[in-house]
Amino acid sequence: DMDRQEKEKRENEERIQKIVTLCKRKLNAQVTEEEMESCLSETRVIVPFHPDVDALVEKAKQLENDRHMKEMQQADYADRVQRHQNMFDRAKSLARSGNSLSAITAFEAVISSNLPDPKDLKGRAQREIASLQKNLSYRQGQFEKEADDNYKKGNLKDSILALRKAVNVNPENESIKGKLTASLAELRKQM
């Protein structure tokens, strides 16, 4: 009777090991805990708990948890990349609408951002800033030249209008503001 029990125990262990070996082959990054339990279900009929069976289910559970964690990290990364892209797109939109100073500020925010930058938006933002600054400088120079030409012709009012346009291009240029203030004072004296 003991021999029969011992033989039955050995046969059950062999069946369990065959099933475990078969199910181990299904163990990959895509397996779910439920699929592994299903594969191993026959062993649960033989014995409800077995260390090899439990370890395999636990390994499948860990793989599934790792996969979910990786998916969440990828989604978070994609969200952060998209937020950076949105910042860049907003700056581009400001530049297209002619709002150069606000666009420069927005591009500077893109550059100083800690968001991931797989599309080199920071490098592109630097080039956009350089282009905008060159354009501002050119436009301001044109208005400044127009103001000087009008001033030399004695046309103070048109000179002041050109200086105001130059200040509108870049309100931070103190030199042009000074010329505008001086021209306005001179116009007042003439009146």
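Trainee: What space lies in the largest pocket?

Mentor: About 160 Å³. That is the space filled by probe spheres set on grid points joined across faces, edges and corners. The model is predicted: local features need pLDDT of at least 70, side-chain atom pairs count only at pLDDT 80 or more, and totals for chains, interfaces and linings use all residues. Residues are numbered from 1 along each chain as its sequence is written, and side-chain values use heavy atoms, with hydrogens and water left out.

Trainee: What makes a set of points a pocket and not a cavity?

Mentor: Both are found on a 1 Å grid over the protein atoms alone. In a cavity a 1.4 Å probe fits but cannot get out; a pocket is an open set with protein on both sides within 12 Å along at least five of seven lines. Lining residues have an atom within 4 Å of a point. Here they are Leu-101, Ile-104, Thr-105, Gln-133, Leu-136, Ser-137, Gln-140, Asn-170 and Glu-172.

Trainee: Which elements give two or more residues to that lining?

Mentor: α4 (100–112) and α5 (121–152). α5 gives the most, four residues. Helices are DSSP runs (H or I, at least four residues), numbered from the N terminus.

Trainee: Why is the contact of Arg-4 and Glu-8 called a salt bridge?

Mentor: The rule asks for a side-chain nitrogen of Lys or Arg within 4 Å of a carboxyl oxygen of Asp or Glu. Arg-4 and Glu-8 come to 3.8 Å, N to O, so the pair passes. They sit four residues apart in helix α1 (residues 2–24), about one helical turn. Arg-4 also bridges Asp-1 at 3.1 Å.

Trainee: Why is Arg-4 called exposed, and what is Glu-8 called?

Mentor: Exposed means over 50% relative accessible area, buried under 20%, partly exposed in between (1.4 Å probe, protein chains only). Arg-4 has 51%, so it is exposed. Glu-8 has 43%, so it is partly exposed.

Trainee: Which residue forms a salt bridge with Arg-15?

Mentor: Glu-42, with the closest N and O atoms 3.7 Å apart. Arg-15 lies in α1 and Glu-42 in α2 (residues 33–46), so the pair ties together parts 27 residues apart in sequence. Arg-15 is partly exposed at 40%, and Glu-42 is partly exposed at 43%.
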